[in-house]
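Biologist: Could you walk me through this model, one question at a time?

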2 protein chains.
Amino acid sequence: MPQIPRPSARRLSLYLREVQLRLRDGAKRVSSKQLGEALGLADTQVRKDLHWCGPFGGSGVGYDAETLRDRLRSVMGLSRTWNVVLVGAGNIGRALVGYGRFESEGFRIVGIFDKSKSLVGRRLAGTTIRALADLPRIVEEHDARIGIIAVPRESSQEVADILVKAGVRGILNFAPARIDTGGVPVTNVDFSVALEQVAFEVTMSGARGEQP
Amino acid sequence: MPQIPRPSARRLSLYLREVQLRLRDGAKRVSSKQLGEALGLADTQVRKDLHWCGPFGGSGVGYDAETLRDRLRSVMGLSRTWNVVLVGAGNIGRALVGYGRFESEGFRIVGIFDKSKSLVGRRLAGTTIRALADLPRIVEEHDARIGIIAVPRESSQEVADILVKAGVRGILNFAPARIDTGGVPVTNVDFSVALEQVAFEVTMSGARGEQP
DNA sequence: TAGTGTGAAGTTGTTCACAGCA
DNA sequence: TGCTGTGAACAACTTCACACTA
């Protein structure tokens, strides 16, 4: 069985978002050309990517929007609900629980944890902030497979160790550091790197293309 | 003059971070091997990337850490201060101003803007939240070249138009939408896409490598 | 010896060109 | 005709192999 290349995988998320949007607007079908235009990609690229959903649909008239959505969800592992634990109730943690979009995409935050004694016991978006010591229990109780690290750099590795030991199978890391997880997949989101990227592009300006 | 490929550009940020860290720890020299290990990359890769800083330093003993930092900064356009305007004082906006790391990297938030009447006039991290109408003036006054979009999807394109019209030269977009800027470079950060990426990797688990 | 610099080879991802279907 | 599916050509990026230097 062939592996979906990472660049494609990233784009599949974008296709899914776009298809859902169009479904909400009442669309019944979507073509690779439409998707490409909406996302700034070549239509060929879109078709190649969508092929990971197993050749289907399309004939001379585009993809059936609902089927496409379902296939995308299923191929990306989004047809189940993912229970998620969040470590760090600081600025980023708060932004995340307030983000809203997660719920609708099938992610459920089942535990929020923080080191700080002054935060533990307080509530955040309806969930009580717990001490890190409770993390393994909550992970097990809810079979949480994903952990989010939203703590400062200094504690990020330590938190990663706790998460891995507790049994999470994937980590979303907002700390500006590479973390070592012994094989558990990590996706990094780093605000500074992103801003620096913008500065870089501005400096180089003119020459290169746009967004992914 | 050859263009720095985007993948390299992303990694340059990471090298810079790592070098700064090591400098703080008192290191005088850094080798490609050390950098590679710290970041999960092959040493060859590191050397190829660093070559964009112009062949220099290294001999049989690694790169001079200070020189490397300076070259990285300069090549990435970080030897100047970048004035930045932030649109959106919601959860993400607040997380960003509270992030702290920006200042030290040479980014200065010179204006925070929001549509909401109830937020305008309030202060956030020492800066008064202004109405969007003031944006062009502030951008001009401070020669702000970078804009950050931290508003909901629905208003993101509108905000982008305002920013572009005001003259910013690069945009960091946190809204879950592709925005059209007519050539102004955009870097996207999308929490949902990132989380979905994790779900995807977990689903595929085992097979693929780690982080960038 | 421990490390850089770099062409050449290899791999991966993207675009092109076109066959085929409704 | 409008669109999908896909091999083949192409471009981009990464890894390898090795010459070279302090």
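Predicted model: local features only at pLDDT ≥ 70, side-chain atom pairs only at ≥ 80, totals over all residues.

Modeller: Residues are numbered from 1 along each chain as its sequence is written, chains are lettered from A and ligands numbered from 1 in the order in which they are written, and side-chain values use heavy atoms, without hydrogens and water.

Biologist: How many residues are around DNA strand C, and which come nearest?

Modeller: A residue counts as near if one of its heavy atoms lies within 4 Å of the strand. By class, the surface has five nonpolar, eleven polar and four charged residues. There are 20 residues around DNA strand C, and those that come nearest are A:Arg11, B:Ser32, B:Lys48, B:His51 and B:Phe56. Of the atoms of DNA strand C within 4 Å of the protein, the share from sugar and phosphate is 62%.

Biologist: How far is a phosphate oxygen of DNA strand C from the side chain of B:His51?

Modeller: A polar contact is a pair of N or O atoms within 3.5 Å. For an N or O atom in the side chain of B:His51, the distance to a phosphate oxygen is 3.0 Å.

Biologist: Is A:Gln20 buried or exposed?

Modeller: A:Gln20 is found in helix α1 of chain A. Buried means under 20% relative accessible area, exposed over 50%, and partly exposed in between, with a 1.4 Å probe and protein chains only. The value for A:Gln20 is 10%, so the residue is buried.

Biologist: What separates the centres of domain 1 and domain 2 of chain A?

Modeller: The bounds come from an automatic or database domain assignment, which gives domain 1 (6-75) and domain 2 (82-192). Taken over C-alpha atoms, the separation of the centres is 31 Å.

Notes
Polar contact = N/O pair within 3.5 Å; in protein donor to acceptor, adjacent residues only side chain to side chain. Nonpolar A, V, L, I, M, F, W, Y, C, P; charged D, E, K, R; others polar. Helix = DSSP H or I, 4+ residues; strand = E, 2+ residues; numbered from the N terminus.
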